[in-house]
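Thanks for asking me to look this one over. Here are my notes, point by point, with the cut-offs included as we go.

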Amino acid sequence: MRTDSFVLRHLGPNHQEVDEMLKTIGVKSLNELIYNTIPDDILLKNVLNLPEAMSENEFASHIQKLGNKNKQFKSYIGLGYHPTTLPAVIQRNIFENPSWYTSYTPYQAEISQGRLEALLNFQTVITDLTGLPLANSSLLDEGTAAAEAMIMLWNGRSRDQKKSGAVKFFVSKEVLPQTRDILITRAEPLGIELVHGDHENILLTSEYYGCIVQYPGKEGKVHDYSEFIDQAHQLDIKAVVAADLLSLAILKSPAAMGADVAVGTTQRFGIPLGFGGPHAAYFATHDDYKRLIPGRIIGVTVDQDGNRALRMALQTREQHIKRERATSNICTAQVLLAVMAGMYAVYHGGEGIKYIARQIHSLTNILDGALLKLGLSQENEAFFDTLKIKVSNTEKLKSLAESKEVNFNYIDDSTISISINETTTEADIEEIIAILAQAENLYSFKITECPVSLSIPENLQRKTAYLTHEVFKNYHSETEMMRYIKRLERKDISLADSMISLGSCTMKLNAATEMLPLSMSNWNSIHPFVPVDQAQGYHEMLKGLEAQLNEITGFAGTSLQPNSGAQGEYAGLMVIRAFHKSNKEGHRNICLIPSSAHGTNPASAVMAGMKVVVTKTSESGNIDLDDLREKAMLHKDQLAALMVTYPSTHGVFESAIREITSIIHENGGQVYMDGANMNAQVGLTNPARIGADVCHLNLHKTFAIPHGGGGPGVGPICVAEHLVKFLPSNPVIKTGGSEAIHAISAAPFGSAMVDLISYSYIKMLGSEGLTKSTETAILNANYLKARLEKHYKILYAGEKGFAAHEMIVDFREFKAKGIEVTDIAKRLMDFGFHAPTVSFPVAGTLMIEPTESENKQEIDRFADALIQIKNEIDQYDGGDSVLKNAPHTQAMLTSDDWNYAYSRKDAAYALDFVKDNKYWPTVRRVDEAYGDRNLVCSCNPIEAYME
């Protein structure tokens, strides 16, 4: 065994297991399996042109050297990003802990109670600090959250407003530049008219439906927006306040000023800068908008025994159900970062958060006093942490400051701003004073006093309490905090426990070597708006990753900016839209989408201003070619795009794919390929080969970024040569093509820090390892199919009877006996497994994807569990059953009373392997309907909400 070969560590099956699995499948070799699975006309003729694979040691040395090219200056740039201090207890026990970062979105509530509680804590932090009663469990970034607020209010307009054509949305000049740019991107396709200006002199009329202001403003000034919002409300205009969350510890809350929505980032709650992300945005609003609010909401409910339990509430808002009628395409959140930000508040408590905010504000006051002493003009009368300063020559100051390894924000030739942060010390303030003094040819001086002072005007000071719940009072020692985190961790199933075979989700290994760079300060401490020469390591890594992805997809250009798969979909469609406009064909707005598509596809198309036309799926699960051709020809003058997933969401390589893409091109459209199933393509075929023009990739699936319990995700788009010039831009740091669309995400390169993971994954696997991974993913899926098809109906297969990298197992026939697919999903928990994807893309089924990282033994355990469940289904007679009572908790099994028709052993230890590593759900089956009827989304005692 080659101990320096990363591919051997990444792949599950060894050589002997591979031979045994091939024999079970009924083929002689891996090559025979691949040739029988993938259509010959799309197989690549050449291997990927990538550098030879690095060993883990070689990569560790490489990434350290590359990281050293990033300059770790002290950054006082602000603009929505600030240096922070991540408590070590959170870094060690959450950020660097696979039990937290390898878990999935908590759809299966019974095995997700730990992170659901952590997210409820996060929501409580948001509702407390903003003063608004309803918060979701995070969004992608502040700019995205602001855009989602604009669209939510657009969708929530009154009947009169819609009738009268109220389409204007006011954007304050104080709003962050990256937020403003995303608002422009999102507004135009929907017909929203943005009006930019000063909130102090804008004349609002009934033509407006909403407005957004920044608090504090982008250059630091703190306004009391109460009067402005009151005037807006008199015209039924709703107000969004984009607020610095940490400032709300001492500033009047958005709710106290009358805000309808508050948005922002929680990055200041201990999350590393990471060159722009990932960071968890927040979104808070009133209960009136609970059916329109984007993203996930964690709510309180009860389980089968009436005990308190948590779950994701209001899931009927989801894209898989509402599709093109969905109010948002947001699918992924930033769960891992939200968990960390929530824990930051738990660890510090209300008083600790107030202390940090006051320290920052006090140091800003000291700097303000020093500026007065130096004779420099400071323009912000009221401020929290940012001062706007007049200087004689910003170029001279910039040169001097950078020679001292300090960054300020340079507004124009004679104006700068300086944002103080949690890591700033008195010595840092003295250094800033010295730099300013030298630049202005003035005498510097030492600080003699450092009082904790408050200069905020009375009308802007916070008067209300926050973080008063017990969870924010009990865990301030590291010992107690460590145990609390561990207690929550033990409630959940992650890849640290067992295989998570979620179809279309690719829950593969997230190798430790790939994760380690994220903890290195030369990678995680870089501000996204530093000059390019200070982030050479990042720029080399990101360019390297773009080149890798270009080679893998067969395309000419890549944008890493989209920070989720759904954002990638939207970005790809907006690039197609720009292409048609540049060809004087802006009228092309029809998007063909197969009925089997991922639910975010139609939602993204509508957001991009397109009209969705659904094409049929044949009985074999493939796209109905005749229907597709008919609709493409019918709409040939308006056809913009086809959105197609390949292999299909049914787990099949459709042999007609090149004919499908040709039909679209012949009728004037572009082909967008959804990259959700790219794990079955890498090294064997690619989007360019099948005839696509653009695709998005899920780096959190195919390229090993962990799911983090529901984020972070990265959804870059790769495009053909004719679309490169339209790739998205950023208003602060130049990115994108020569005719770039506006920003998709707030940071220039999206969630740049976690791109390190995909870069390292490709570097250590190389061409041969990547191809081997794809082949093994297909092998594992077909082996599992071979084991299960003797007991269950497998819904679809390719023309030669093989699956791609996933399969759909049909449970609908058992409905006549009273058995639902949900019963199977819950019963799997008793065997220590997370359920596969339930009822997508076909109701009453499980979509199963084992990935290449699982060995034969683990796949066999999973297969044995499903076969045992089939035996239980066969024995079910409509009475008491392990299936209907699943999952079984330890409290049930240890109770003196056992009033069930089956034994305790059958409930908890139906198969011998379970004894070796028993997982106990902490709640019984949750009551979904109760949670929606009694919506509670923050830390309140359940008794207060009983019917």
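1. Asp 830 and Arg 827 are both buried, where buried stands for under 20% relative accessible area, exposed for over 50% and partly exposed for anything in between (1.4 Å probe, protein chains only). The two form a salt bridge whose closest N and O atoms are 2.8 Å apart; the term needs a side-chain nitrogen of Lys or Arg within 4 Å of a carboxyl oxygen of Asp or Glu. Because they are three residues apart in helix 26 (residues 821–830), about one helical turn separates Asp 830 and Arg 827.

2. A word on conventions: this is a predicted model, in which local features need pLDDT of at least 70 and side-chain atom pairs count only at pLDDT 80 or more, while totals for chains, interfaces and linings use all residues. Residues are numbered from 1 along each chain as its sequence is written, and side-chain values use heavy atoms, with hydrogens and water left out.

3. How many salt bridges does the structure hold? There are 47 salt bridges. One of them joins Asp 860 to Arg 787, with the closest N and O atoms 3.0 Å apart. This pair links distant parts of the chain, since Asp 860 is in helix 27 (residues 856–875) and Arg 787 is in helix 25, 73 residues apart. Helices here are DSSP runs of H or I with at least four residues, strands are runs of E with at least two, and both are numbered from the N terminus. Asp 860 and Arg 787 are both buried, and they belong to a salt-bridge network that also includes Glu 20, Lys 856 and Asp 864.

4. Arg 588 and Glu 585 also meet through their side chains in a salt bridge (3.3 Å, N to O). Arg 588 is buried at a relative accessible area of 11%, whereas Glu 585 is partly exposed at 26%.

5. Now the sheet: seven strands form an open sheet with mixed pairing, in the order 15-21-20-19-18-16-17; two strands pair if DSSP finds at least two bridges between them. Strand 15 (557–559) and strand 17 (611–615) are the edge strands, each pairing on one side only. From one strand to the next, the twist averages 25°; axes are lines fitted to C-alpha atoms, for helices over the stretch in contact, and angles run from 0 to 180 degrees between N-to-C directions.

6. Within that sheet, strand 16 (residues 590–594) pairs with strand 18 (residues 639–645) in the parallel sense, over three bridges. Leu 592 stands opposite Leu 642 in strand 18. Helix 22 (residues 625–634) packs on the sheet and touches strand 16, strand 17 and strand 18, contact being heavy atoms within 4.5 Å.

7. On to the aromatics, where 26 pairs turn up across the whole structure. Trp 898 and Tyr 902 make an edge-to-face pair, because their ring centres are 5.9 Å apart and their planes stand at 90°. Rings of Phe, Tyr and Trp (its six-membered ring) pair if their centres lie within 6.5 Å, with planes under 30 degrees apart counted as stacked, over 60 as edge-to-face and the rest as tilted. Trp 898 and Tyr 902 are both buried.
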